[in-house]
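Please walk through the aromatic and charged side chains of the structure shown below, with attention to the cut-offs behind each term.

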Amino acid sequence: MIHLTPEAVARVKKHLTKRGEGIGVHVDVVRSGCSGYSYHIDFIDSIGEDQLAFAQDGFQVVVDKEDIALLEGLELAVKKQGLNEFFAFNNPQATATCGCGTSFSVSG
């Protein structure tokens, strides 16, 4: 489903520890952005009935059921630019992306 690079796993674990609570991260798709869809990632404390969870190195990656087709095969990585570090989304479902790095579109 969704693959996290070792750097992304380490970053999630670091922030979950710093946060002091939570079961993992929620990755979802928001209908917006300059290409039609944008990624959203946040920490999550519980799993809703309209969500699916996938175990990943001691935490859960949670995805909304309605977003599965848009996120199938997604790789979540960490990119560094200067002093900034952020999540990068490499999505094989995306047919076009925007320069912002979090906006994408799909054919169909």
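Tyr39 counts as buried, at 10% relative accessibility, where buried means under 20% relative accessible area, exposed over 50% and partly exposed in between, with a 1.4 Å probe and protein chains only. Phe89 is likewise buried, with a relative accessible area of 12%. This is a predicted model, in which local features need pLDDT of at least 70 and side-chain atom pairs count only at pLDDT 80 or more, while totals for chains, interfaces and linings use all residues. Residues are numbered from 1 along each chain as its sequence is written, and side-chain values use heavy atoms, with hydrogens and water left out.

The structure holds 1 aromatic pair, and Tyr39 and Phe89 form it as a stacked pair, 4.3 Å centre to centre with 10° between the planes; rings of Phe, Tyr and Trp (its six-membered ring) pair if their centres lie within 6.5 Å, and planes under 30 degrees apart count as stacked, over 60 as edge-to-face and the rest as tilted. The pair links distant parts of the chain, since Tyr39 lies in strand 3 (residues 37-44) and Phe89 in strand 7 (residues 84-90), 50 residues apart, strands being DSSP runs of E with at least two residues, numbered from the N terminus.

Another ring, that of Phe87, has the charged end of Arg11 over it, 4.9 Å from its centre; the criterion is CZ of Arg, or NZ of Lys, within 6 Å of the ring centre and within 35 degrees of the ring normal.

Asp64, in strand 5 (residues 59-64), has contacts beyond its neighbours within four places in sequence, namely with His26, Val27, Asp28, Asp50 and Gln51, contact meaning heavy atoms within 4.5 Å.

How values were computed. Helix = DSSP H or I, 4+ residues; strand = E, 2+ residues; numbered from the N terminus.
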